[in-house]
Amino acid sequence: MSTSTLPYATSTSSAAGVAAAVTPPGAGPTVRPRRPGFWRAPFSAVTFREIGYVLTSFPLAIAGFVFAVTMFCLGAGLLVTLFGLPVLAVALAGARGLGSAERLRARVGLGLTVDGPGAYGARAYGAGAGADGPRVKGFWARTRARLADAAGWKALLFQVVMFPWRVLSFVLTVTFFVTGWVVALFPTYSWVFHRYVGWPGYRVYDFTSGGRHHEYYITSPAQIAAVAGIGAVLVLLTPKLVRALTSVDRAAVRSLLG
């Protein structure tokens with residue numbers, strides 16, 4: 001149904017029905033999870049999904065980077081022969097598959113729905129291409145169609161440029177999350193050092209320099225409460241940090257995988 005034949009929507013429900021009618025199959029609206037408040041964010045499911053997204057992105061980033069760099073370098077090195085072109089075509093096809101998996105992860109972990117690119121070569125070979133790609137006959141014709149696939153090149157670029165960012169995101173997220181909760185819960189296990197380790201409290205430092213002994217232990221209730229307060233601040237800031245880090249992933253998925 002074309003938009004010109006749609007009846008005038010006089011209510012919110014009618015507008016919703018019209019939107020559903022013109023939405024392409026399988027391209028549902030972007031799911032935007034409700035953001036929790038500042039005090040509830042460290043305990044919300046949205047935050048833990050985003051943290052899970054960052055943690056799983058690390059090993060996948062390594063695999064994607066190795067695949068992209070290895071296949072591209074191999075294909076480029078073999079361009080002096082005819083074998084380089086098929087290798088690059090395989091690299092682009094694999095990058096498209098990885099891009100599809102990344103869009104799925106973004107939908108589940110970040111609540112971001114991005115429509116995938118059209119079938120490879122469809123622009124060059126016309127709109128008559130099927131869902132699985134244009135019906136191109138011949139091995140070299142299919143290879144040329146793959147090499148002309150801009151979406152494949154962008155997906156390959158995604159695996160390269162996102163690798164260092166995802167390593168940084170993983171390190172920062174793990175550091176803030178683990179440190180925050182360990183320090184915030186310090187009052188629950190501070191007695192362990194006195195009873196089982198033989199320290200008067202948690203030892204911050206203990207050394208001798210220039211004939212003088214320097215030591216500092218966290219022993220008093222006020223010190224323990226102050227340490228817990230620092231941990232609580234880190235716990236509260238962790239969702240903000242993760243949100244900022246994943247905003248780069250959102251932008252990259254939209255621009256390079258859509």
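In this predicted model, R105 and E102 form a salt bridge (a side-chain nitrogen of Lys or Arg within 4 Å of a carboxyl oxygen of Asp or Glu), with the closest N and O atoms 2.9 Å apart. The two residues are three positions apart in helix α3, so about one helical turn separates them. R105 and E102 are both buried (under 20% relative accessible area; exposed is over 50%, partly exposed in between, with a 1.4 Å probe and protein chains only). E102 also meets R166 in a salt bridge, at 3.0 Å from N to O. R166 is buried, as is E102. A network of salt bridges links E102, R105, R166 and D249.

Seven salt bridges are found in the whole structure. One of them pairs the side chains of E50 and R243, at 3.3 Å from N to O. E50 lies in helix α2 (residues 45-77) and R243 in helix α9 (residues 221-257), so the pair ties together parts 193 residues apart in sequence. E50 is buried, at 1% relative accessible area, whereas R243 is partly exposed, at 34%.

Helices are DSSP runs of H or I with at least four residues, numbered from the N terminus. G111, which follows α3, has a positive phi near 65°.

Local features required pLDDT of at least 70 and side-chain atom pairs 80 or more, whereas totals for chains, interfaces and linings use all residues. Residues are numbered from 1 along each chain as its sequence is written, and side-chain values use heavy atoms, without hydrogens or water.
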